[in-house]
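This report is meant for a reader who is seeing the structure for the first time. Please keep the sequence and the model at hand while reading.

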Amino acid sequence: MSEEEKLLQEAKKLPWEERLFHKNWKVRNEAHIDLAALCDSISDPKDPCIREFGPFFEKTVAESNAPMQEKTLDALIAYLRAVDADAGRYAKEVCDAIVAKCLTGRPKTVEKAQASFMLRIELEAVDAFLDAMEKAIKNKVARAVVAAIDVMFLASSEFGAKILSPRRILKIIKIKMSVHLLKD
């Protein structure tokens, strides 16, 4: 057994928090894969086991390692599918972290970030989503702005005007337009 395999075996014995924030990226990677599998296996959204994972995503989603971002988003998506609307108390922080780190990433990362936003809306965290989109629109990286507009359009198409306020979305886009015009 190699040194790396021993480390991974030992890490599996650690509590979730230590595994998810371990200094070795391979341990964090395995932890996110295991977390996604655990969340996929839980059928009761009131399961006390799943409640402990919500606060972890604020920091894990802000991962700077690109492959790890994808694994983190996979775990987040599995978590959001397993929980109910009570998970909304961490929505603002997690949405802000996704905007800050994931919308400028690889295409697959952006796609998973958008999927997590859609699940947040399903879990009735619309205000956290729109607040995050307001921040994303102000991003200096064009890729992040395009991804934000894309997910707002997708959310509007999917959920309609009763869930997402068209006024608020137009206000967000208007902010971007006015900032852009002021620069020219």
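Ile172 counts as buried because its relative accessibility is 1%, where buried means under 20% relative accessible area, exposed over 50% and partly exposed in between, with a 1.4 Å probe and protein chains only. Ile172 is placed in helix H11; helices are DSSP runs of H or I with at least four residues, strands are runs of E with at least two, and both are numbered from the N terminus. Apart from its neighbours within four places in sequence, Ile172 is in contact with Leu130, Met133, Glu134, Ile137 and Met152, a contact being heavy atoms within 4.5 Å. Between Ile172 and Leu7 there are 165 residues in sequence and 47 Å in space, C-alpha to C-alpha.

## Basis of the description

The model is predicted, so that local features need pLDDT of at least 70 and side-chain atom pairs count only at pLDDT 80 or more, while totals for chains, interfaces and linings use all residues. Residues are numbered from 1 along each chain as its sequence is written, and side-chain values use heavy atoms, with hydrogens and water left out.

## The annotated span

## The nonpolar core

In soluble globular proteins, nonpolar side chains tend to be buried together. The largest nonpolar core here has 53 residues, of which Tyr79, Phe117, Phe129 and Met133 touch the most other members; such a core is a set of buried Ala, Val, Leu, Ile, Met, Phe, Trp, Tyr and Cys residues joined through side-chain atoms within 4.5 Å. Elements that give two or more residues to this core include H2, helix H3 (25–41), helix H8 (107–122) and helix H11 (166–183), and the largest share, eight residues, comes from H6.

Tyr79 touches Cys39, Ile50, Phe53, Gly54, Phe57 and Ala87, when residues up to four places away in sequence are not counted.

## Aromatic rings

There are five aromatic pairs, counted where the ring centres of Phe, Tyr or Trp (its six-membered ring) lie within 6.5 Å, with planes under 30 degrees apart called stacked, over 60 edge-to-face and the rest tilted. One of them joins Trp16 and Phe53 edge-to-face, at 5.4 Å centre to centre and 80° between the planes. This pair links distant parts of the chain, since Trp16 belongs to helix H2 (residues 16–20) and Phe53 to the loop between helix H4 (48–51) and helix H5 (57–60), 37 residues apart.

Trp16 and Phe53 are both buried, and ring pairs link Trp16, Phe21, Phe53 and Phe56 into a cluster.

## Two loop residues

Asp84, in the loop between helix H6 (66–82) and helix H7 (91–101), is buried because its relative accessible area is 17%. The side chains of Asp84 and Lys46 are joined by a polar contact of 2.8 Å, that is, a pair of N or O atoms within 3.5 Å, of which, within protein, one must be able to donate a hydrogen and the other to accept it, residues adjacent in sequence counting only if both atoms are side-chain atoms.

Glu124, by contrast, is exposed because its relative accessible area is 66%, and its place is in the loop between H8 and H9. The phi of Glu124 is near 65°, a positive value in a residue other than glycine.
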